[in-house]
Amino acid sequence: MELTFLGTSSGSPTADRNVAALAVRWNGIWDLFDCGEGTQHQLTATPLALPRLRRIYISHLHGDHCFGLFGVLGSRSMDLTAGALTIFGPPGVREMVEVVLARSATYLDYPLDIHEVSLDGERVIDDDGATVDAIPLVHRLDSFAWSIRERDRDGEFDVDAAARVGVPRGPLFGDLQRGESVTLDDGRRVDPEAVIGPPRRGRHLVVAGDNSDPERLFAQTTGADMAVHEATYTEATLAKIGDDHGHSTAARVASAAERHGIQRLALTHFSARYASVPGTSAAESIADVEAEARAHFAGELHLARDLDRLEVPLPD
């Protein structure tokens, strides 16, 4: 499972940061989480192909999270190999998409399904690969996080255990790995449980939209392997401006993640006031955001930059 950050700025792009979009790729396909203006241009710098895009999750309808959607939908239609696509988002996303496509005479050559999520949250995906739950957040508009849980993986085949019970190398190994009991030449029956370890937990990824209450979110996603969350401000900045505008500070996110056992934390959606490189004309930099977060979080921390790629490792 690989994350590619396509945009990491809040509100408007900067010289080196586009607005919000994140690609998550696994099992040969990929999903898009938010789609700010310029997302399709960012994709040209990645190996991600639009025909392989399966689902788009829109956290909320502020423009920096969805104004790039229409370009992506139209460009995807130019490749005749593109299959069906599903959009998940808050109430209003269907009308927004349908009106823009109609008024711009944009016709799609693939099936498009738009699912508006209940404001109370709901499970939007439940298939053989994973479940995806929409979790309501606290923001100025209806906003969601997406909690993605992979199905548990099969236990590992123990070759030494198989040898101890007398299973010869060969086709019987495959039968046992498929969950079938086998009978040995001496008449003994060997069940898969004797040579296969317990199921291994799948990965748990949380991708949040804009949100001023990470404590409430992480209380519902305790122990996630990775969380991606906005850190629009630092506490020092918030003290100056006096209104969080429905956003979080680095300290607020990091301390909540620490309390709820989040293993890895990726911060994004930084205010344009923070320069990417310290010592430039801006008084504050991303280094200030990072320092505040590290003071509150002991796990693996990443301050996302555009086109960064992060691997979500399999749990031990």
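**Cavities and pocket in a predicted model**

The lining of the largest cavity consists of 8 nonpolar, 6 polar and 3 charged residues (nonpolar: Ala, Val, Leu, Ile, Met, Phe, Trp, Tyr, Cys and Pro; charged: Asp, Glu, Lys and Arg; polar: the others, Gly among them). The model is predicted, with local features needing pLDDT of at least 70 and side-chain atom pairs counting only at pLDDT 80 or more, while totals for chains, interfaces and linings use all residues. Residues are numbered from 1 along each chain as its sequence is written, and side-chain values use heavy atoms, with hydrogens and water left out.

On a 1 Å grid over the protein atoms alone, a cavity is a set of points where a 1.4 Å probe fits but cannot get out; lining residues have an atom within 4 Å of a point. Grid points are joined across faces, edges and corners, and a volume is the space filled by probe spheres set on the points. There are 2 cavities of 30 Å³ or more. The largest cavity holds about 140 Å³. Its lining comprises 17 residues, of which Ala20, Ala21, Asp34, Ala208 and Thr268 are the closest to the centre. At least two lining residues come from each of strand 1 (2-7), strand 2 (21-26), strand 3 (29-35), strand 12 (204-208) and strand 13 (226-230) (strands are DSSP runs of E, at least two residues, numbered from the N terminus).

The second largest cavity has a volume of about 40 Å³. Residues lining the second largest cavity include Met226, Arg264, Glu300 and Leu310. Strand 14 (264-268) and strand 17 (300-303) each give two or more residues to this lining, which divides into 5 nonpolar, 1 polar and 2 charged residues.

The largest pocket (an open set of points with protein on both sides within 12 Å along at least five of seven lines) has a volume of about 150 Å³. Arg153, Phe157, Leu176 and Pro199 are among the residues that line the largest pocket.

Methods. Helices (H or I, at least four residues) and strands (E, at least two) are DSSP runs, numbered from the N terminus.
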